Amino acid sequence: MEKDNKVAIEVSHLSKVYKLYDRNRDRLKEALHLSKNINVREHYALNDVSLTVNTGETVGIIGTNGSGKSTILKIITGVLNPTAGDVRINGRISALLELGAGFNMEFTGIENIYLNGTMIGFSEEEIDARLQDILDFADIGEFVYQKVKTYSSGMFVRLAFAVAINIDPEILIVDEALSVGDVFFQNKCYRKFEEFKKQGKTILFVSHDLSSISKYCDRVVLLERGKKIGEGAPKEIIDMYKKVLVGQLDKEVNTKKSADLSTGTKWKDKMQLNPNKDEYGSGLAEFEDFCAYDNTGEITNTIIKGEEFTVKVKVRFFETVQDPIFAVSFKNMQGTEITGTNTMFEKITTGTPGAGDVMVATFTQNMSLQGGEYLISLGCVGYREGEFTVYHRLYDVFNLTVISSKNTTGFYDMDSIVTVSKVEE
């Protein structure tokens, strides 16, 4: 469907300021004008943010935690009032923010469908016309006639999502809501999302899932600490976001050499690390430094699917060891080990480092894993006097976010070449 230039959402110079008090009673004192010596600090959740979403566009908003993403959606949908600025909406909105926030736990599922539909502005007849679509989408069977307080959390979000998504909105506002339910229901949600895009509906989409941002969005806005710092094509803004994550956006960095620093900042200081990593070892060696970097040489926790990337480690030895084995492995967020390799598997001779020696190992490969989050573990092991010995292990030491515009079934992409042709009778 061809897009026009009609404005669906216009946000002008939007700010949201919260007052922060040292003590709770100071808030009351200020409200009652009881004291002039109250220490009040202002926190800008949003600071002079403007953006325009045209009819038929899918616009994504990304940013770190606390950047203002959810705040701007809540102001657009009327959940919050701005401190300053204006929002103009042209079209009926359905918001997938806090699913089920308007549900009455003492009502049945059916009663809540009508309650929510009425709150949105539908007549009973209009809800009747959409009821079967809502029930089919939620797929919770006879539970729809039971009180919502008896539902499992999964059934609750399925019904809430079904109500929000099936009211035929002109504008859809989504905040991390596409990951509800099990994998089959998530697939149904994404199919509905794609259907909305094909129908030319306007979508404003907030997500930490950069793969979905890359796949679905026509344009992306980057927020940081309440300010808009970037806007443009998905790949361009995702690249900016990667620099924000490692504090490199405002620094002049020679990215081709950024993984080869020999002095000053350690590689790992430019990575997002897991504060709850698990580590142990005999003390014969230690991981002194490590990182991942992409095909431009930029140290990052974010890799584009299909592109080359490298995991690099630096190990210092405290005694002489023979043929140390360097290893790297990948787990999904559920803890399942997906893949990994080591210098022994790869038939790499590592020699006999002595006390004080430092060795660097690099693991370079194409990213074939599906879009998502992965945890990286590092190991330096070997055989000492015939016994297998762990010199140093770092489990789940950092994460890698894989950005993908095309996911297939399972853990990795077979990179299949597929052809389809019509047989002439």
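Predicted model: local features only at pLDDT ≥ 70, side-chain atom pairs only at ≥ 80, totals over all residues.
**View 1. A salt bridge joins Asp413 and Lys305.** The closest N and O atoms of Asp413 and Lys305 are 3.0 Å apart. Asp413 lies in the segment after β18, while Lys305 lies in the loop between β12 (302-304) and β13 (308-317), so the pair ties together parts that are 108 residues apart in sequence. Lys305 has a relative accessible area of 15% and is therefore buried, and Asp413, with a relative accessible area of 11%, is buried as well.

**View 2. Glu57 and Arg219 meet through their side chains in a salt bridge.** The distance from N to O in this bridge is 2.6 Å. Because Glu57 lies in the loop between β2 (40-54) and β3 (58-63) and Arg219 in strand β8 (residues 219-224), the pair ties together parts that are 162 residues apart in sequence. Both Glu57 and Arg219 are buried. The two also belong to a network of salt bridges that links Glu57, Arg219, Lys228 and Glu231. In the whole structure, a search finds 17 salt bridges.

**View 3. Arg384 and Glu319 form a salt bridge between partly exposed side chains.** Here the side chains meet at 2.8 Å, N to O. Arg384 lies in strand β17 (residues 372-384) and Glu319 in the loop between β13 and β14 (325-332), so this pair ties together parts that are 65 residues apart in sequence. The relative accessibility is 28% for Arg384, which counts as partly exposed, and 38% for Glu319, which also counts as partly exposed.

**View 4. Phe143 and Tyr151 form an edge-to-face aromatic pair.** The count of aromatic pairs comes to ten, taking rings whose centres lie within 6.5 Å. In the pair of Phe143 and Tyr151, the distance is 6.5 Å centre to centre, with 90° between the planes. Phe143 is partly exposed, with a relative accessible area of 39%, whereas Tyr151, with a relative accessible area of 10%, is buried.

**View 5. The rings of Phe290 and Phe398 are stacked.** Their centres are 6.0 Å apart and their planes lie at 10°, so the pair counts as stacked. Phe290 lies in strand β11 (residues 285-293) and Phe398 in strand β18 (residues 387-403), so the pair ties together parts that are 108 residues apart in sequence. Phe290 is buried, with a relative accessible area of 4%, and Phe398 is buried at 0% relative accessibility. Elsewhere, Phe193, Phe205 and Tyr216 form one aromatic cluster.

**View 6. Helix α2 (residues 69-76) is largely enclosed by the rest of the structure.** This description holds because six of the eight residues of the helix are buried, namely Lys69, Thr71, Ile72, Leu73, Ile75 and Ile76. Just after α2 comes Gly78, which takes a positive phi of about 85°.

**View 7. Glu124, Glu125, Glu126 and Asp128 form a negative surface patch.** One of these residues, Glu125, is found in helix α4 (residues 124-138). With a relative accessible area of 57%, Glu125 is exposed.

Methods
Residues numbered from 1 in each chain as written. Heavy atoms only, no water. Patch = residues over 30% accessible without salt bridge, like charges linked within 9 Å, V, L, I, M, F, W, Y side chains within 5 Å. Areas by Shrake-Rupley, 256 points an atom, 1.4 Å probe, with all protein chains shown as cover. Salt bridge = Lys/Arg side-chain N within 4 Å of Asp/Glu carboxyl O. Lys, Arg positive; Asp, Glu negative; His and termini not counted. Charge placed at Lys NZ, Arg CZ, Asp CG, Glu CD. Helix = DSSP H or I, 4+ residues; strand = E, 2+ residues; numbered from the N terminus. Buried < 20%, exposed > 50% of the residue type's maximum accessible area, 1.4 Å probe, protein only. Phe/Tyr/Trp six-rings, centres within 6.5 Å; stacked < 30°, edge-to-face > 60°.
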